[in-house]
Amino acid sequence: MRILAALRWLIALFAAAVILLPVVWTLSISFKPPREWVAYPPRLIPEEPTLANYQVLFQVGNPVGAIAEMTRSAESVSRAFLNSLIIAPVATVAATAIGFFAAYAVSRYGAGGPLFPLSVLTTRMFPPIAFAIPLLVYFRMLDLIDTRLGLVLMYTGFTAAFSLWMIKGFIDGVPRHIEEAALLDGASRWRVLFTITLPMVKGGIAAALLFVFILNWTEFLLALVFSSRHATTIPVQVSHYAGAVGRFYGPQAALGIVASLPVVGAGYLIQRHLVRAFTFGLVK
Amino acid sequence: MAVDRPRRSAGPSLAALLNQERVFALALIAPLQFLLWFLLIIPTIIVLYLSLVNWQPIMGVDWWQAPFAWLGNYARVLQDRRFWEALLRTAGLVGVSVSLEFLLGLGLALLFRQDFRGKRLLTSVVLYPMMLPWVVVGLVFFLLFLDKGPVNYLIGRLLGADAPFDWYGHSISALGVIVLADVWQWTPFMFLILYSGLGALPKEPQEAALTLGASRWQVFRLVMLPLLRPIVFIAIVIRALEAFKIFDLVFIITRGGPGTATESLSLYLYLLSAVYGQLSYAAAMAVLVLVLVAMLTRVATKPLEQRAIR
Amino acid sequence: MATIILDRMRKEFGATVAVDDVSLEIPSGRLACLLGPSGCGKTTTLRMIAGLETPTAGEIRFDGRRMNDIPPQRRGVGMVFQNYALFTHLSVYENLAFGLRVRGVTGREVDQAVHRFAELLELEALLGTGVARLDLSTMQRVALGRTLITQPHVLLLDEPLNNIRPGLRETMRAELRRLQLELRQTAVYVTHDQEEALSLGDQIIIMRQAQVEQVGTPEEVYGRPRNRFVATFVGSPTMNLLPCRLAQDDGRLRLVADGLLFGAERWARAREAGPDLLLGIRPERLTLGSGGLQAQVTLVQSTGAEQVLELMIGAHRLKAVAGRDRRFSPGQTVRLDFPSPDLYLFDARTGEALYE
């Protein structure tokens, strides 16, 4: 029996290593000077740890030598960062709000017909590229290509359905008689929605916010297609670095790390406070 | 309707009240409906139209004036070798990835059924790959499999000789890296679903099976797995649908290369539409893919529907 | 079939003691009932016999062989659960065959055994049916067949008839008993229903709050309860208890219950016990007749075959049982006779029954 327990622990350790090491390796490269990037044999801990790679990202500091060269060829990620910091949260809040309202309408009034929730789910089934093609044509006409507004609209549209799906379950769980009592007391429907139902599904809304944020922050394909110079987002920036900057692995790694921080933070929040909501939505 | 009409001695008429309720519901769902129309329904119509005409932006005419080609684009797609290769390749990727994710996820779920030191910590660790942006996952694995990267180093140590294998130069190995990245990222998803599913299974039949003489392995195989089937099914279908759309990983790790050896369906569509500008052709292909996905989903979920009815 | 011995078994769940120093011997081929209110530890004890719970202390022996370290799958026990725990994805046939299949029995042997027990339990017609569609009593028969087919050393039943409606319950009870006797199957039956236990068991084990209160035959626990708890738990309607004290006048012992005198010569031990005593008599033993004490009827409940009367003697509430021949009504005055051989005496403080 004890052998089994030890074996179990070993496998767990192995699993943890496999999961952690790839990112740890990237982290390691992000702190390495150029000559160590592809040094052979590879070492986990940098001999001369440096923040230069991160500096390149934001074009700060006084880089010299090879790093100066990188800085010249690499573009600053500031714009991409700014864009993502605007687009993702705005789209997330919008999608969640729209999803919340719609979820309420579907739950309480069966709005949209009985098949509505299922049909909105299909938006996630199809490859986004299929929608990108006509949207290219469409957005060009509306002059929304390479704009933040365009991306916000798209992201909101594609994730609102998802947030509806997540929140609806929570709204279903709120007993109607509480709302009816308030209505009988003379409260308007809007009031009931905001002061009674909303607080009771706080957990679901928070979960939806975090999830949708992760989806929006990490979205790549649509951003790639619909942005060229102005509306670049972080994931697109990562691909620029991976392509244009060629073998400058240091800054690539640094960008990867920086790009992941917000969503890892969101993920942590999800785990910490909402594990129940997470599995509830997922298993349902 | 869901809500009882408030009884008041004097007040708005029944019709007015009904109206108010309906207006309310409509107002609530309006933004979503708008978005759906704007981003889904109209584009679908446009895509259908585009697929039936011959239009490329460089032609210089407005898209609604393009000449009709009817089913010509579709015929071209069906004869396009690159299309079939991408389709089969993507299907293969999905098959291998999802199978691996299922097996590994199941293994992890079984591991987690018992308590062990550091279980809570490991749970947090296990979940985070799903959170990372796909592009970052691609980047992370790209860095791992570089010529002089740690993987080649470790292999060299194991084999006793330096083996600077060019992972990205051969189609099989490049696909392998992509599969590995996908499995790394999404096994936690399978794990979560299977773990919750296992936990939700009723305990008594398992105990009954034990008392009847079944070994723990037999209990798992004969009593638990069969009951797990609907959940497993859903998980696999969901994951497979997502995996079918694979784009980010391929783009970052290999850009479809070497040549077109790792080109996924989404990547090909992307190139056709955003890079080559062959929008009509891409539209036809997209429609075919949509139809294919819809059919497969129907086929895959039919057994579920039947079970639900029973 | 095996003799089951529990030797000073103890089970703790964290800070809670579920089973406290329980020792039992269940002879081979007998049906023992673990009887008690919920939470008394009877189910936990049963599960320890099955091996589904590991004892914190104590030893279990089947036919003298120590079982503590042997997992449930190798103990040769058969367990029937309150919720049947059938394999819902399998047919009746496969449920019955399960225990044999996992042991590697194949083909004709399995088929013969399944048919034999299906016949025994009248399940022949349903062998191909999926168990999810069956009604509760049929499910229970399948659960029973599934365990019996493996010829377990001991059959363990955890309130198996709880979810069966009352009329059917008696029938199934009888069926169960018949089978058990026919197969000479050692069995342990857990229930909170004292009527069920008394009608089924060769041996009754009464438990309360993790401890054994009394072990005996149905006659023993009914006729000679060890303490107040057993006396009031067994028997329906509940035994009447009247608080009383010893009167010391005229050199003989007299019980004084609120001014009413009862002869107390039989209970020499009453003197050793505390001053507060309880006089007990079962409602069905009180005779309504010409002699005895005066009592007023407050409630009449008819169960068809008999009548249960609630009466007051002074400030004390009593119950009595009468046949159908006489008519009673609230407010009526009757005379209650307390036949001396049917009287019990309990120490009010310790609850212990005082016999001479």
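Mentor: Contact here means heavy atoms within 4.5 Å. Keep in mind that this is a predicted model.

Trainee: Okay. Which residues of α7(A) meet α11(B)?

Mentor: From α7(A), take A:I129, A:I133 and A:L136. They meet B:S266, B:L269, B:Y270 and B:S273 in α11(B). That contact has five nonpolar residues, two polar and no charged.

Trainee: Where do those two helices sit in their chains?

Mentor: Helix α7 covers residues 128-142 of chain A. Helix α11 covers residues 265-275 of chain B.

Trainee: And at what angle do they pack?

Mentor: About 10°, with the axes 10 Å apart. Angles under 35 degrees count as roughly parallel, so α7(A) and α11(B) are roughly parallel to each other.

Trainee: Zooming out, how many residues does each chain put into the contact of B with A?

Mentor: Chain B gives 90 residues and chain A gives 92.

Trainee: What area is buried there?

Mentor: About 8100 Å² between chain B and chain A. Carbon and sulfur atoms give 80% of that. On the chain B side, B:F24, B:L28 and B:M131 lose the most area to chain A. Together they make up 9% of what that side buries.

Trainee: How many salt bridges and polar contacts?

Mentor: Zero salt bridges between chain B and chain A. Two residue pairs are in polar contact across that interface.

Trainee: Which helix of chain B gives the most to that side?

Mentor: Helix α1 of chain B, residues 14-52, with 21 residues. The side of chain B that touches chain A divides into 68 nonpolar, eleven polar and eleven charged residues.

Trainee: New topic: chain C. How many residues of B and C are in contact?

Mentor: 17 residues of chain B and 20 residues of chain C. Those two chains bury about 1700 Å² between them, 64% of it on carbon and sulfur atoms. In chain B, B:E204, B:T211 and B:L212 lose the most area to chain C, together 40% of what that side buries.

Trainee: How many salt bridges does that one have?

Mentor: One, between chain B and chain C. The side chains of C:R47 and B:E207 form it, at 2.7 Å from N to O.

Trainee: Which elements of chain B give two or more residues to the side touching C?

Mentor: α8 (203-211) and α9 (216-244) of chain B. The largest share, seven residues, comes from α8(B). That side of chain B divides into ten nonpolar, four polar and three charged residues.

How values were computed. Residues are numbered from 1 along each chain as its sequence is written. Chains are lettered from A and ligands numbered from 1 in the order in which they are written. This is a predicted model: local features need pLDDT of at least 70, side-chain atom pairs count only at pLDDT 80 or more; totals for chains, interfaces and linings use all residues. Side-chain values use heavy atoms; hydrogens and water are left out. Axes are lines fitted to C-alpha atoms, for helices over the stretch in contact, and angles run from 0 to 180 degrees between N-to-C directions. Helices (H or I, at least four residues) and strands (E, at least two) are DSSP runs, numbered from the N terminus. Angles under 35 degrees count as roughly parallel, over 145 as roughly antiparallel, 65 to 115 as roughly perpendicular and the rest as oblique. Ala, Val, Leu, Ile, Met, Phe, Trp, Tyr, Cys and Pro count as nonpolar, Asp, Glu, Lys and Arg as charged, and the others, Gly among them, as polar. Buried area is the accessible area (1.4 Å probe) that two parts lose on being put together, summed over both. A salt bridge is a side-chain nitrogen of Lys or Arg within 4 Å of a carboxyl oxygen of Asp or Glu. A polar contact is a pair of N or O atoms within 3.5 Å; within protein, one must be able to donate a hydrogen and the other to accept it, and residues adjacent in sequence count only if both atoms are side-chain atoms.
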